[in-house]
Amino acid sequence: MRVQEQAMRVREQAMRRALIIVLGLGPMLVAGLLAAQNIDYQPDPSWQAPAPAAARPNPQAGSPELAAGGRKLFLRICARCHGAEGGGLKNAADLQLPVVQRQTDGALFWKITNGNQRRGMPSFSGVPEMQRWQIVLYLRTLAAEKEKQK
Ligand code: HEC
């Protein structure tokens, strides 16, 4: 009987310890994911939109309210690599960085359309063109968000 009681106490202690570890690490993990950002990202110099593509204006530039829909699309198809706020997980680009944001709408649209398979960015030519422009609209709000946080 005593032996059984002891064994139970040991098991209870082990479970309590495991619970403390899970409760302690969970929030740390979440915080780590939220803060994840690929701030050292450098664009591939050999992945450049041709001048005519870079010069194309965003046909939705006059409708900033469409950015909300762009965010929905972004969360659905881009966030698994770039993170919900575009900070970039692993080797995916931090889309908030000036090196990305100073490119034209047309250049970003071209990069989304064509991808850079060699470095892990898929092509999204299958996403309807208007939705791709809408995502570009959302990408522009990421830079504004960053300014607000400062
Ligand atoms: C499978 C992972 C993955 C997905 C999904 C993905 N990306 Fe990327 N993306 C990357 C990687 C990796 C790079 C960096 C490519 C490089 O190093 O040249 C990148 C680069 C980019 C760049 C270019 C940054 C630069 O160098 O100028 C843009 C813009 C971009 N992604 C937007 C998007 C958008 C918008 C979506 C959703 C439609 C998306 N990505 C989905 C992995 C991904």
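Leaving aside its neighbours within four places in sequence, with which residues is Q37 in contact? Q37 is in contact with G87, G88 and D94, where two residues count as in contact if their C-beta atoms, placed from the backbone, lie within 7 Å.

## Basis of the model

This is a predicted model, in which local features need pLDDT of at least 70 and side-chain atom pairs count only at pLDDT 80 or more, whereas totals for chains, interfaces and linings use all residues. Residues are numbered from 1 along each chain as its sequence is written.

## Overall architecture

From the N terminus on, the order of elements is α-α-α-α-α-α-α.

Of the 150 residues in the protein, 25% are buried; a residue is called buried if 20 or more other C-beta atoms lie within 10 Å of its own, exposed if 12 or fewer do, and partly exposed in between, with the C-beta atoms placed from the backbone. Among contacts between residues at least 6 apart in sequence, 72% join residues at least 24 apart.

## The nonpolar core

The largest nonpolar core has 20 residues, and those with the most contacts inside it are L108, F109, I135, V136, Y138 and L139. Such a core is a set of buried Ala, Val, Leu, Ile, Met, Phe, Trp, Tyr and Cys residues joined through C-beta atoms within 7 Å. At least two residues of this core come from each of α3 (67-77), α6 (105-114) and α7 (129-149), and the largest share, 7 residues, is that of α7. In soluble globular proteins, nonpolar side chains tend to be buried together.

In α3, the buried residues are A67, G70, R71 and F74. They lie on the same side of α3 because they cover an arc of only 105° around the axis, the arc being that of the directions from the helix axis to the C-beta atoms. The face of α3 turned away from this buried side carries the exposed residues A68 and R76.

Helix α6 is mostly covered, with 8 of its 10 residues buried, namely D105, G106, A107, L108, F109, W110, K111 and I112. K111, whose place is in α6, counts as buried because it has 24 C-beta neighbours inside 10 Å. Leaving aside its neighbours within four places in sequence, K111 is in contact with W47 and A49, and the C-alpha atoms of K111 and F124, 13 residues apart in sequence, are 8.9 Å apart in space. After α6 comes G115, whose phi is positive, near 70°.

## Surroundings of the ligand

The ligand is surrounded by 24 residues, of which the closest are P43, C78, C81, G120 and M121; a residue is taken as near a molecule if its C-beta atom, placed from the backbone, lies within 6 Å of it. Both α4 (79-82) and α6 supply at least two residues of this shell.

By class, the shell around the ligand has 15 nonpolar, 5 polar and 4 charged residues. In this scheme Ala, Val, Leu, Ile, Met, Phe, Trp, Tyr, Cys and Pro count as nonpolar, Asp, Glu, Lys and Arg as charged, and the others, Gly among them, as polar.

Q37 has its place in the loop between α1 (2-35) and α2 (51-54), and counts as partly exposed because it has 16 C-beta neighbours inside 10 Å. The C-alpha atoms of Q37 and L97, which are 60 residues apart along the chain, are separated by 10.0 Å. K90 is in the loop between α4 and α5 (98-101) and, with 9 C-beta neighbours inside 10 Å, counts as exposed. The phi of K90 is near 50°, a positive value in a residue other than glycine. Most residues other than glycine have a negative phi.

A144 lies in helix α7, and counts as exposed because it has 11 C-beta neighbours inside 10 Å. The C-alpha atoms of A144 and Q96 are separated by 8.8 Å, although these residues are 48 apart along the chain.

Definitions and conventions:
Helix = DSSP H or I, 4+ residues; strand = E, 2+ residues; numbered from the N terminus.
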